[in-house]
Amino acid sequence: MVANINTPDSAVSPPKPLAWHHNAWRLVRKLTWRKGFNATLVFLSYYLTRLTGKPIQWGLPFSVSVEPTTACNLRCPECPSGLRQFSRPTGNLKNDFFRQTLDDIYRELVFLIFYFQGEPYINPDFLDMVAYAHQRGVYTITSTNGHFLNDANARRTIEAGLDRLIISIDGTTQEVYEQYRKAGNLEVVLQGARNVIKWRTKLGAKHPQVIFQFLVVRPNEHQIEEVKSLAREIGVDEVRLKTAQIYDYQQGNRLIPTQERYARYARQSDGSYQIKNPLLNHCWKLWHACVITWDGLVVPCCFDKDAKYRMGDLKRQSLRQLWHGPAYQAFRRQLLRGRREIDICTNCTEGCRIFEQD
């Protein structure tokens, strides 16, 4: 399973300076006083919670992930979508439900991430939803395996106004790539990236910021420098190296890199493995972000793949009601008492970041 695109566990190669400025300016243009005030309330409530140990929550989430679909064309070995192992229902986010939900929260919303599980481009309405969010002044992000970026979709992606496009590319040769991206075709992915860069240039656009995300696992860790060269050759703006969440890691796993800096897990003297960073009893994500499944369930974060911890249902209540409701407050209190008691928290890398320079 690849960690959510906003988790702070990635090594980053510096983006192109001009691309970074264009992207930053695009974000700034979408900010409003209302969004800034809401974000300030969220920050203040989080730090007051840290000081008092009591779950204080002001404002509304300024970063929301929505799930366009649970379907995926690949069968990646650490992904419940790829393994077809969901216990919850599968399906596609409906456009009318999405618009209704966004209309309720866009005034406070800064970031809208079109990703949770599944491949977003499989949903036929995906780019229409991106366009609607763009019209509402929200900064939009998606993460894709890159197999649906044909010429037409690449052009539509630029025209829809997507701000950031993260393309998973976990190998620079087909032999290595397919060891994690089961049933994937690397050349299709690379051509998809070329299509996006081509149309971005043809249309005179500065968006989306295009990022290659490289999930570092043992089969591909020797290709880190190669993926950076490949990105420069294609014209991709940035490469991000991502650590992999492994479900069964305690006795070792063939996917854990040999280079420890790229692993979430450290080998112990007895040969077993433990997660490297300590589980502190606080979580920034729970104060500023949430996840909405394709069928309207609200869950606390991207680690709740099967929507086990349901904060509520947007078909019955608004996000404003749920965010300050009893289920969310109870979950925040439980987290403050001890993250080790919450199973989705025990394999989380909140607070761990590695930077890498070219």
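Buried means under 20% relative accessible area, exposed means over 50%, and partly exposed is what falls in between. At 33% relative accessibility, then, R156 counts as partly exposed. This is a predicted model, and I will go through its salt bridges, its aromatic pairs and one threonine.

Let me stay with R156. Its salt bridge partner is D128, with the closest N and O atoms 3.3 Å apart. The two residues come from distant parts of the chain: R156 belongs to helix α6, residues 151-160, D128 belongs to helix α5, and 28 residues separate them. D128 is also partly exposed, with a relative accessible area of 33%.

How many salt bridges are there by this rule? The count comes to 18. I will show two others.

One is between D104 and R320, whose side chains meet at 3.4 Å, N to O. Here the residues are 216 apart, and again the pair links distant parts of the chain: D104 sits in helix α4, residues 95-105, and R320 in helix α11, residues 319-323. D104 has a relative accessible area of 25%, so it is partly exposed. R320, at 28%, is partly exposed. Both residues also belong to a network of salt bridges that links R34, D104, E108 and R320.

The other is K228 with E225, where the closest N and O atoms are 3.6 Å apart. What separates these two along helix α9? About one helical turn, because they are 3 residues apart in that helix, which covers residues 224-234. Buried or exposed, for K228? K228 is buried, at 3% relative accessibility. E225 is exposed, with a relative accessible area of 51%; the cut-off for exposed is over 50%.

Now the rings. The count of aromatic pairs by this rule is 13. Take F114 and F126: their ring centres are 5.6 Å apart and their planes stand at 80°, so this pair is edge-to-face. The cut-off behind that label is an angle over 60 degrees. F114 is in strand β3, residues 111-114, and F126 is in helix α5, residues 126-135, so the pair ties together parts that are 12 residues apart in sequence. Helix α5 is also where D128 sits, the partner of R156. As for accessibility, F114 is buried at 0%, and F126 is buried with a relative accessible area of 1%.

Ring pairs also build a cluster, made up of F43, Y46, Y47, F62, W284 and W287.

Two arginines sit over rings. The charged end of R136 is placed over the ring of Y106, 4.4 Å from its centre. R332 lies over the face of W323, and there the distance to the ring centre is 4.8 Å. W323 falls within the residue range of helix α11, 319-323.

Last, the threonine. T49 is in helix α2, residues 33-52. Its relative accessibility is 3%, so T49 counts as buried. Which residues does T49 contact, leaving aside neighbours within four places in sequence? They are K54, P55, I56, W287 and L336. W287 has come up already, as one of the rings in the cluster.

In the R156 and D128 pair, R156 is partly exposed and D128 is partly exposed. That is all I have.

Conventions. Residues numbered from 1 in each chain as written. Predicted model: local features only at pLDDT ≥ 70, side-chain atom pairs only at ≥ 80, totals over all residues. Heavy atoms only, no water. Phe/Tyr/Trp six-rings, centres within 6.5 Å; stacked < 30°, edge-to-face > 60°. Helix = DSSP H or I, 4+ residues; strand = E, 2+ residues; numbered from the N terminus. Buried < 20%, exposed > 50% of the residue type's maximum accessible area, 1.4 Å probe, protein only. Lys NZ or Arg CZ within 6 Å of the ring centre and 35° of its normal. Contact = heavy atoms within 4.5 Å. Salt bridge = Lys/Arg side-chain N within 4 Å of Asp/Glu carboxyl O.
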